[in-house]
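Dear colleague,

Please find below the structure that I am handing over to you, with its sequence. My notes on what was found in it follow.

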Amino acid sequence: MSVYRGCHLPTDRAYDIEGDLWVKMEGDLARLGMTDVAQTRMGKMVSVLFKRPGRRVKAGGSVATVESAKWVGPVHSPFEGEIVEPNQEAFDADILIANRDPYEAGWVTLMRPTDPTKPHRPLLEGDEAMEAYIARIDELDVSCFRCAD
Amino acid sequence: MGGATLRVIDFGRVSPLRSQTLWHAIAHGVSAGAPPTLSFMQPESPYVSIGFHRRLDEVDDEECRRRGLRVFRRMVGGGPVYIDNGQLFFQITVPASAATAMRARALRSLLEPAAEAFRATGIAALLEDQGDIAVGDRKISGHGAGQIEQAVTVVANLITRFDHTAAARIIAAPDVATTDELEGLMRRYVSATPVSPEAFRAAAVERYAAALGLDAKAGALTDVETAALASLDAEFVADEWLMGAGRPAPPVWRVKVKAGVHMAHAAADGLSARLSLAHGRIIGASFAGPSLNGAGERLGHAVCGDTEEGARRRLAAAGFDQLAELVGAMERGR
């Protein structure tokens, strides 16, 4: 785990840096979630609407739509593929789950990519991901915090 | 910013449907490379708009039918709102990459020029910390925001005339007394501003151009936007879009009047509790139910000025545990 300006960046997964999204491959499935930067930028979530299991999404399309205050925005899919399991129950139980725990309990959706080698944007890992994300954090001038508490 | 031009489009009076779909189409256009855009429009007849995530049954469909109002779902946030030709709508749409990283800050930076435009027309408007444009403690402009494709849009309005009655009655409420109280809160905290729309429009163009460092230039829809408009016109009248996702009903009825001012209602086992709150304090309370043995009015007076937490404790200490639990549900549902 790297931490930069308060932003936690686990090293056990890949990142769509520009999309503020993390991706963890589990066999032929990909678990997606918002990064600490994403939840910080968004602020406290008030609502989320998931694409349902079985729905097809385009690479760069939306797997979920989140609302914070009066601001609505998409969570983009890095891949073309099919939604397998949205994390509906966890968000129903605690709408702030991604604000509290974006990398574990607050994952967004599990999907089956049509071709995981063809992401919408490059997925970076390891040192390359950390360097790129640190540059983005500086560019955005963001310092992360968990606003849920 | 994405280009040297702030495209300005004044659509004038448009149908209720187009007063929604036009600015959504612009977001598609800006995503596809059209310049940042400031757009204006006025609905030619009244209707109701509901936020992207909200349940359709938050709107009183009987009242809407009676008044001949259609309901359209928008792709930005917020609850059901009554819209008529006493409101001039404006939208600022910029590429998502050009918006400030933090959403709350982006919202402020894209609303501040609107507050300046109000001031330029002689209205002592301020952008409050929580994002409402207000004069004193009265909200004078509603707003919503969102990312549509790769564009960020902030929608707001100049309210030259506000129909508080219609605005309160189109919201589905547990009972008439709640609706009446909601209307009262709206009259207290939401106000029209007697500004000429032309003067406001001119000031807004000037202030947004200055804030974004762009040259304002009148423009028109691009081919991408015209195509998107046709598609959105069809999508927005489809039942599936209007119905939304069918989210579960929240345990507590709650309506925000402005930032920091809201009403809540909860009921269980024959007891009901209704609270009006301003800036964390109860400014009106009504409790009813046979088990209160006529003490509802006295209890309502007793908790005035309390926080929800304080009221819950006060009620529990007085032995009204069920009522305290209802207030606790309101507190948790905030």
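In chain B of this model, which is predicted, four strands form an open sheet in the order E13-E14-E15-E16, with antiparallel pairing. Strands E13 (253-258) and E16 (281-288) of chain B stand at the edges; each has a single partner strand, so one side of each is left without a neighbour in the sheet. On average, neighbouring strands of this sheet are turned by 10° against each other, direction ignored.

Within the sheet, strand E14 (residues 261-268) and strand E15 (residues 271-278) of chain B pair in the antiparallel sense over eight bridges. In this pairing, B:Val261 stands opposite B:Ala278. Helix H5 (residues 176-189) of chain B packs on the sheet and touches E13, E14, E15 and E16 of that chain. The direction of helix H5 makes about 170° with that of E14(B).

I turn now to the contact between the chains. Chain B contributes 23 residues and chain A 21 residues. Together they bury about 2100 Å², of which 56% is on carbon and sulfur atoms. On the side of chain B, helix H3 (103-120) and strand E10 (143-148) are the elements that give two or more residues. The largest share, five residues, comes from E10(B). The residues of this side divide into ten nonpolar, eight polar and five charged.

Strand E10(B) also pairs with strand E9 (residues 71-76) of chain A, in the parallel sense and over two bridges. Here A:Trp71 stands opposite B:Ala145.

With kind regards

How values were computed: Residues numbered from 1 in each chain as written. Chains lettered and ligands numbered in written order. Predicted model: local features only at pLDDT ≥ 70, side-chain atom pairs only at ≥ 80, totals over all residues. Heavy atoms only, no water. Pairing = 2+ DSSP bridges. Axes fitted to C-alpha atoms, helices over the stretch in contact; angles between N-to-C directions. Contact = heavy atoms within 4.5 Å. Buried area = accessible area lost by both parts, 1.4 Å probe. Nonpolar A, V, L, I, M, F, W, Y, C, P; charged D, E, K, R; others polar.
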